[in-house]
Structure formats: C-alpha cells, structure tokens
Amino acid sequence: MIITDRRILLSSMLFFALFVAGVNSINTSSIKNANIGGFYYYFFTLSLILFGFTTLLLYRSWVNEYSSLSLLIVSLFLASLGYFFGFLNWDPMGGKYYETDLFQLQVLFTSGATLLLYMHYELNRRATPDTGLIALVTFLFTPHTIINVYYIFTDNYSPDLERLNLVTLVLLQIGTIFVFGWIVYHGRKASLSLLSNNSEKVRKLGAMQLAGLYILFLSVAGELLEQLTPLEVLNTPLFVMAFLLIGIPYYVDPKVFLLVPINIKAMGIITREGLTMYFKPIAEEFKSEEDMSSQLFGGLIIALNSMGKEVVKSQHAVDSLNFGDRSIIVEYLDPFYFVIFANTATYFLEREMREYLTELREIQPNWDGGKTLPEEVFDKLNSKFFPILGEDVREL
C-alpha cells in the first residue's frame, strides 16, 4: 500500500469529523460525569493510559540508553499529571472549578508538557534552539504561568484580576496554537522523509507519527471551535490519542526518527594526527569512490585545524560546518575525531556522537597512536548508537 501525506491528512480529518459528530450526537456530560460509586473516571482513565505508556517508554529508554528521548518522556509525564489534576479537580456540579489550586496545577503541568514537546522537536532539527522562537514562546507562556503561581500561593481570585487573567490566558492560547502548529510543520517534514523509505516498517512508523501530529493540531483547532461555536469536541481523548500515535513509533524504533531525517551520507573516526581509523560510506556518491573518500577524510581534519590556527588564530578543535544542504558534523574527544557528513546537524545527533566517542575511549583507554583498531570495534559501537546504519538506510 502506498502511504502518502495527503492520504494521512484526509484520514485524520475524516476521523476528527466523525469523532466530533459522534460526540455531538450524545450528551457529553454523561461521558465526563460517568462514575462508579462517585468515582469520576473520565480524566483518571486518560491520565492512566498516558502515564502507563510513558512508563514503558521510560523503561525502554533506560534499558537501551536512549537519552535522546528524555524531553519527550518528561513532556508525556507532565501531560499525564496535568490530566490527573483535572481528575482530582472534577466538579460534576459545574462549580468554579477554575478557582482551585488543582486547576492551576493542571494548567501549569500541561503548559510545561507543551514547551518540552516543542523543545524535543526543536532539538531534533537543530544543534541549538532558535533563540528568537524561544523568546517568543517564553513571552506568550510566562504571563499566565505567573498568574497560575500567584493564585496557588494567595488564593486571591479577586474580580479585579479577571481582566488580567483573560489577557494572559489569550496569550497562552496563542502560544499553544503557535507551538503545536510549529511542531506539526517541522514534525511533518521529518515524517515525510520516512514515508519515502524503502522499508515498509519505517513507512508505517512515519505514517503513524504523522497522523498523530495532524490529530494533535486538529484537537487544538477543535478547542477554538468549542469556544466559538456550540459544538463539543472532547479534546482530552484526542490529545491522548495524538500523544500515543506520536510516542509509539519512538518506542518501537527511536533511532529511525533521530537519524533517518538527518540523512547521513558518510561517517568516520580520525585520530588527532589525521589518520583515518574507520570510514563508512552510506550514500552512493561516497560508496562509488570509497578509497578516495577515506583518504580525503583524514586530510579534512588536518586542513580544517590548520585553517583555524593560521587564519582564524584559534587553538580549539574544529567544530561543525554547514554548506547549504550539507553539513560536516565534528565531535572531538582526545585522541579521536568523529566526523559525519549529513544534511544537517542536530542536538541529538551530536549527543550520540559524544557518547560514541566516550565509549570508544573506554574500549581503548591507552591508545598510543601507533596501532589501528579492528573494524569489529566500530561495528559494535554502530549497532548501539547508529543501528540503522548497519545496512543501507534506504533498505532498513
């Protein structure tokens, strides 16, 4: 089956429309107020589902040392706790539920979850966060966060603060729409790169996450729809479903999502003297001239270091360089340079490279520069840090 972006978008929109139609065909209060012996389990069930899945993701991340999933995991935990506070705060009589500490905590935790999810996607596409975007998001989220904290410590819900609360709430809503729109836009780019992969498994994982991103954005739009029209959307189940669709592919194979969109072309280990100890071509242009590429690989570091010392007058090791659609990503841990040619550098890629070098040096703590290392050493490290490169990425 051919999986396309348009097919996934249309399927997500159809699901959303059917969901909203189904919700509005019944009494939504009967769903939210469903209880067993006075135990209102609507928010609790959704919180438990998300918490249980995130616990599994944390366990898998810890066992396999997937430190790059830390922001995503914390984001999901905060979201589940936010829904749990919603459960504790639920008032079936429709009282002033928003004038409680529990409600303020719910807003704080869900806002934190949104920001961390944004940071996860930001660092999965860049080596460092965009300071302009960080400043904008901080400006939009901070005022209402201050109001939330103020209410918790003072319990002062004076009518004099209503207008200020409304203004900060509008800013928070604008920020939330912006963040989720940004996540969908950039997350879509990464997922589309997976849809063109030769592996059916990779395509299905990419399609699942892309569907989750679309449902996430539609649920945010649905929240606005609720405020502007008489329609009911029940956003919380949609949010939980979206988070699960986004998170399950990371549970199945997180390295695919961290590495395939980067499109690594070649990688290698070079000594501080410029000797190429290991070279692995990935893209065809490097495979076709492997011997020449391997020889040039070592000379590259020497040339860049010389340029740094002679031209720039720097005594530091060479860092990453960008050439439009290509990047040279360099990490150094004496006595080894780890160099990757790829489409772009990201924070998580550089983190994997540093951990790779740390383990390499532990394997060879007393390396004196006078010997080479067997290729099996690098194959073992590749299988741990870059498992998708063990075979052709396009045929994963």
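These legends describe close-up views of a predicted model.

**View 1. Helix α3 from end to end.** Helix α3 covers residues 42-64, 23 residues in total. From its first C-alpha to its last, α3 reaches 34 Å. That is close to the 33 Å expected at 1.5 Å a residue.

View 2. An α-helix has 3.6 residues a turn, so residues three or four places apart point the same way.

**View 3. Packing of α3 on α4.** Helix α4 spans residues 70-88. The axes of α3 and α4 lie 8 Å apart, at an angle of about 160°. Angles over 145 degrees count as roughly antiparallel, so α3 is roughly antiparallel to α4. The crossing is left-handed.

**View 4. Residues at the α3 and α4 contact.** From α3, the contact draws on Phe43, Phe44, Ser47, Leu50, Phe51, Phe53, Thr54, Thr55, Leu57, Leu58 and Ser61. From α4 come Leu72, Ile73, Leu76, Phe77, Ala79, Ser80, Tyr83, Phe84, Gly86 and Phe87. By class, 15 of the contact residues are nonpolar and six are polar. None is charged.

View 5. Glutamate 65 follows directly after the helix. Its phi is positive, about 55°.

**View 6. Aspartate 155 in a loop.** Aspartate 155 sits in the loop between α6 (131-154) and α7 (162-195). Its phi is near 55°, a positive value in a residue other than glycine.

Technical notes. Residues are numbered from 1 along each chain as its sequence is written. This is a predicted model: local features need pLDDT of at least 70, side-chain atom pairs count only at pLDDT 80 or more; totals for chains, interfaces and linings use all residues. Side-chain values use heavy atoms; hydrogens and water are left out. Helices (H or I, at least four residues) and strands (E, at least two) are DSSP runs, numbered from the N terminus. The expected span of a helix is 1.5 Å times one less than its number of residues. Axes are lines fitted to C-alpha atoms, for helices over the stretch in contact, and angles run from 0 to 180 degrees between N-to-C directions. Angles under 35 degrees count as roughly parallel, over 145 as roughly antiparallel, 65 to 115 as roughly perpendicular and the rest as oblique. A crossing is left-handed if the near helix is turned anticlockwise from the far one by less than a right angle, and right-handed if clockwise. Contact means heavy atoms within 4.5 Å. Ala, Val, Leu, Ile, Met, Phe, Trp, Tyr, Cys and Pro count as nonpolar, Asp, Glu, Lys and Arg as charged, and the others, Gly among them, as polar.
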